[in-house]
Structures are given as C-alpha cells and as structure tokens.
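Visitor: Could you walk me through some of the helix and strand packing here?
Guide: Gladly, let us look together.

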Amino acid sequence: MSLENHHPLTSISSSTSGFLGQNKLSIRTQNLSIPAKNSGISRCIATPTLEKNEAYKTKVSRNANMAKLQAGYLFPEVARRTEAHKLKYPNAKVISLGIGDTTEPIPEIITSAMAKRSYTLSTIKGYTGYGAEQGEKQLRSAIASTFYANLGIEANDIFVSDGAKSDISRLQVLFGSNVTMAVQDPSYPAYVDSSVIMGQTGQFQTRVEKYENIEYMKCTPENGFFPDLSTVSPTNIIFFCSPNNPTGFAASREQLTKLVQFAKDNGSIIVYDSAYALYMSDDNPRSIFEIPGAKEVAIETSSYSKYAGFTGVRLGWTVVPKELLFSDGFPVAKDFNRIVCTSFNGASNIAQAGGLACLSPDGLKAMQEVVGFYRENTNIIMETFNSLGFKVYGGKNAPYVWVHSPGQSSWDVFGEILEKTHVVTTPGSGFGPGGEGFIRVSAFGHRNDVLEACERFKQFYK
Ligand SMILES: Cc1ncc(COP(=O)(O)O)c(C=O)c1O
C-alpha cells in the first residue's frame with residue numbers, strides 16, 4: 001500500500017491492528033491455566049477467555065494530543081475503501097488517481113548520479129559517513145542559485161532535508177505548543193495534524209469538522225481560493241501552500257503581497273509550502289521570497305518529490321532566512337538549526353547526489369520533462385470533466401484537478417465514482433470542511449491509466 005505523504009497514522013493504524021491481533025493470538029496460545037479444585041486430574045488447558053482489555057498495560061499515559069487526532073485519516077480511509085472495493089470486484093481493474101504519488105521513472109541522468117555516488121561509497125577514498133546535518137554545501141548553493149537567484153537567499157539559509165513533510169513537523173517542534181496557527185481550508189493534512197500533535201489545538205469539534213484553536217482560512221470558488229484576510233483572525237503561524245494541494249490554486253503576486261503585509265501587521269510567521277512550484281504555468285511567484293519584505297516574515301519548505309519522482313528517494317529543503325527573528329530578536333534559523341542537529345543526521349548522501357544532478361542543466365531539463373508529462377495528464381483530466389459539464393478548478397498550476405459536485409458529499413461522490421468506474425479519487429472533505437462537495441483527481445498516473453480512467457468517467461457521466 002503506497003500512501004501519499006505517509007501520514008504518521010498510516011503506520012500507527014495499520015500496525016496497531018496488527019499488534020492487537022498478534023496480542024490476542026499470543027494470549028490464546030500462551031496463557032495456560034490449571035483447572036480448578038476437585039477435578040482430580042491435573043491438565044493444562046488453553047483458555048481463550050482473556051479479553052483485549054485484560055492485556056498487560058504499561059503505566060505510561062497516552063499523549064492526550066494524540067488522542068485528539070481523528071481516527072479516519074484521509075489516505076488510510078481511502079485505501080481501506082479501495083481494498084474493500086477490490087474484494088467486492090476481484091476482476092475489476094482499479095485505477096488510482098487518488099493519492100498524490102508519482103508514477104513515472106526517475107530520469108537516468110539523475111539515477112546515474114546516485115548510482116555513481118553509491119559506488120563511490122565502496123571505495124576507501126570515496127567513502128563518507130555522517131554529513132552536515134544541514135546538507136552538503138554544494139547542494140545548498142545549487143538550491144539557492146537555482147530556485148532563489150536574485151532573491152537574497154544564500155546557501156546557509158537552506159536546510160536540506162529528507163522531505164517537506166518531515167520539515168513541517170520539525171517546524172512545529174520549533175514553534176512549540178504555545179503558538180496559534182492558521183491554515184488554508186482545504187489544505188494538505190500534515191499542517192493540522194502536526195499542530196494537533198504538538199498540542200497547539202483544542203479538541204476536534206465534530207459539528208463543524210474543525211479543531212478548536214486553529215484558524216481555518218476558507219478557500220473556495222466564492223473567494224477565488226484566496227482567503228478574505230479581513231475576516232481572518234491573526235495567528236502566530238500561517239501555513240500557506242501555493243500552488244495548493246488539493247485545490248491546485250496558485251496565489252498571484254498581489255495576493256502574496258497582501259499575505260506578507262498581513263503577517264507583518266500581526267507579527268506572524270508564514271510557513272510557505274512550494275512543493276508544486278515547478279508545476280506552475282503562469283507567471284505567479286514560485287517562491288514567497290519574490291515578495292519584498294517576505295524574508296522578515298516567512299519560511300519556505302519545498303521538495304524534490306513531485307519534481308523528479310523522489311517520493312521514495314526522499315529529499316527536500318527548507319529556507320529559513322537570517323532576517324527572520326523571534327519577538328526577542330533571536331534568529332529563527334539558529335533555533336531551527338539546533339532542532340535539525342538534534343533530530344536529524346542529514347539527508348542521505350546518495351539522495352543529495354541525485355538532488356545535485358537534478359539542478360545541472362540536463363537535470364533541470366529532465367525534471368521539466370517529468371513535470372510536462374504530468375501536466376499533459378492534468379489537461380486530459382481537466383478536459384474530460386469540463387466536457388462532462390462539471391465545474392473544474394486547479395490543474396493549471398498543479399497536478400491536481402479539483403472537481404465540484406455541488407449538493408453531494410465528497411465521500412458519496414468518491415464512492416459513486418469508485419463503484420461505477422473502478423477509479424479511485426480523493427474526497428475533498430478529507431482536506432478540511434472547505435473541501436466538502438469536491439473531489440481531487442490526481443494527475444500522477446501512467447498515461448494509459450489516465451486515458452482509461454477518463455474514458456470510464458465519460459461513459460458513466462454521459
Ligand atoms: C503540499 C505538500 N507539501 C509537502 C508534501 C510532502 O512532500 P515530501 O514528499 O517532500 O515529504 C506533499 C506531498 O504530497 C504536499 O502535497
């Protein structure tokens with residue numbers, strides 16, 4: 001089971017059930033009891049009677065913040081329903097346009113650099129062990145000059161990582177539990193869940209499908225997917241993803257200028273997630289640091305995952321400008337460096353060699369080809385839903401198509417499409433209450449699968 005973003009709960013939920021299952025089994029087979037008095041015969045009888053709640057328990061109390069998390073995390077739930085569907089229709093060819101995991105091979109110019117680095121590790125001269133926690137100097141410089149040329153971002157502002165998702169959690173550790181935070185609604189689930197885990201939130205409010213103490217900035221067609229900042233309560237931290245997962249919306253220069261001003265007015269820090277910047281086809285900013293003054297209020301996190309098929313290789317980076325200061329004047333980058341050095345021993349040296357190759361002229365061309373391929377997929381999906389009369393958003397600047405099905409719940413639409421076409425999508429409400437009534441269709445897929453899925457959509461909705 002390959003799940004987008006490998007949410008912590010993915011492994012927790014699957015391993016938990018396995019663990020409990022095993023535990024039950026061991027109780028049944030290992031717990032032997034002597035029969036009660038007067039039987040006359042002393043026999044060992046296996047008793048299957050011990051219930052789960054009689055299992056041995058430690059004295060460690062569960063982290064109350066973990067208990068606040070909602071059990072049905074989006075992607076495991078999608079996977080569960082997909083598995084149930086496959087059992088119901090064992091002969092169906094199920095196509096997944098659900099999770100945002102890449103499918104196309106990594107260009108050889110990149111894998112050959114990783115292979116070379118890997119073989120070098122077998123030589124006395126070429127072997128290296130732990131590297132710098134912040135990443136190799138050459139890669140940090142290449143990231144700075146490739147993605148932030150003329151923006152005043154330097155190599156030592158860049159922290160190379162094992163991916164944007166880990167960095168989101170590291171940033172939450174940096175901020176601690178006493179901050180307030182805002183997210184776009186809908187948004188990539190890791191922002192909210194890491195905030196819950198850190199203890200920044202109250203309980204989940206089932207009625208409104210929101211956690212207490214998180215500011216949900218509604219991003220819907222009504223406001224052009226950009227929040228009305230005049231109605232947003234100021235928070236310490238603002239997570240902002242552009243191009244956005246799941247809506248595919250990319251903020252304009254003017255909108256980002258407003259966001260930076262909003263952060264400045266309120267003394268907030270923006271965590272800007274640009275994991276899909278390479279997918280942009282218009283001239284909206286690729287980085288928050290294109291906005292004057294952003295270095296004093298923003299951090300940017302990004303990733304090789306969707307650029308070069310590195311979802312399995314694992315490589316990303318976070319930019320913490322030296323100009324960004326806490327209220328007491330202490331540089332945020334210094335604290336982040338401390339957290340990185342404490343919790344991380346640096347990205348894989350092989351992955352970093354791949355990351356460097358991506359930024360060579362040929363590597364950049366190869367990445368553009370990969371992105372171009374998925375862009376063609378996106379166009380096919382957009383054209384299909386448009387031709388069927390749906391209101392379709394996103395797609396232009398991101399590999400996600402955000403399809404509106406007003407009046408129907410996201411899970412119902414998801415279920416209907418799965419049942420009738422054997423295609424897996426993602427229900428929009430899983431990204432926050434603002435996603436209700438939408439489904440996200442991912443353009444990450446082999447071309448034949450995308451074409452076949454679109455053909456099935458046409459048959460079903462015609
Ligand atoms: C918006 C966004 N940020 C971050 C990530 C995680 O990226 P990484 O694979 O680098 O951890 C994803 C992955 O889907 C994403 O959609």
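Visitor: At roughly what angle do the axes of helix H5 and helix H11 cross?
Guide: In this predicted model, local features need pLDDT of at least 70, side-chain atom pairs count only at pLDDT 80 or more, and totals for chains, interfaces and linings use all residues. Residues are numbered from 1 along each chain as its sequence is written, and side-chain values use heavy atoms, leaving out hydrogens and water. Helices (H or I, at least four residues) and strands (E, at least two) are DSSP runs numbered from the N terminus, and axes are lines fitted to C-alpha atoms, for helices over the stretch in contact, with angles from 0 to 180 degrees between N-to-C directions. The axes of H5 (residues 137-147) and H11 (residues 349-358) come within 10 Å, and they cross at roughly 35 degrees.

Visitor: Which residues in H11 do Gln138, Leu139 and Ala142 in H5 meet?
Guide: Contact here means heavy atoms within 4.5 Å. The three H5 residues meet Gln352, Gly355 and Leu356.

Visitor: Within what arc do the buried residues of H14 fall?
Guide: Buried means under 20% relative accessible area (1.4 Å probe, protein chains only), and in H14 that covers Val450, Ala453, Cys454, Arg456 and Phe457. Taking directions from the helix axis to the C-beta atoms, these residues line one face of the helix because they fall within an arc of 160 degrees.

Visitor: Which strands stand at the edges of the open sheet of 4 strands?
Guide: Strands pair if DSSP finds at least two bridges between them, and the order is E13-E14-E17-E16, with antiparallel pairing. Two strands each have a single partner strand, so one side of each is left without a neighbour in the sheet: E13 (391-394) and E16 (426-427).

Key
Buried means under 20% relative accessible area, exposed over 50%, partly exposed in between (1.4 Å probe, protein chains only).
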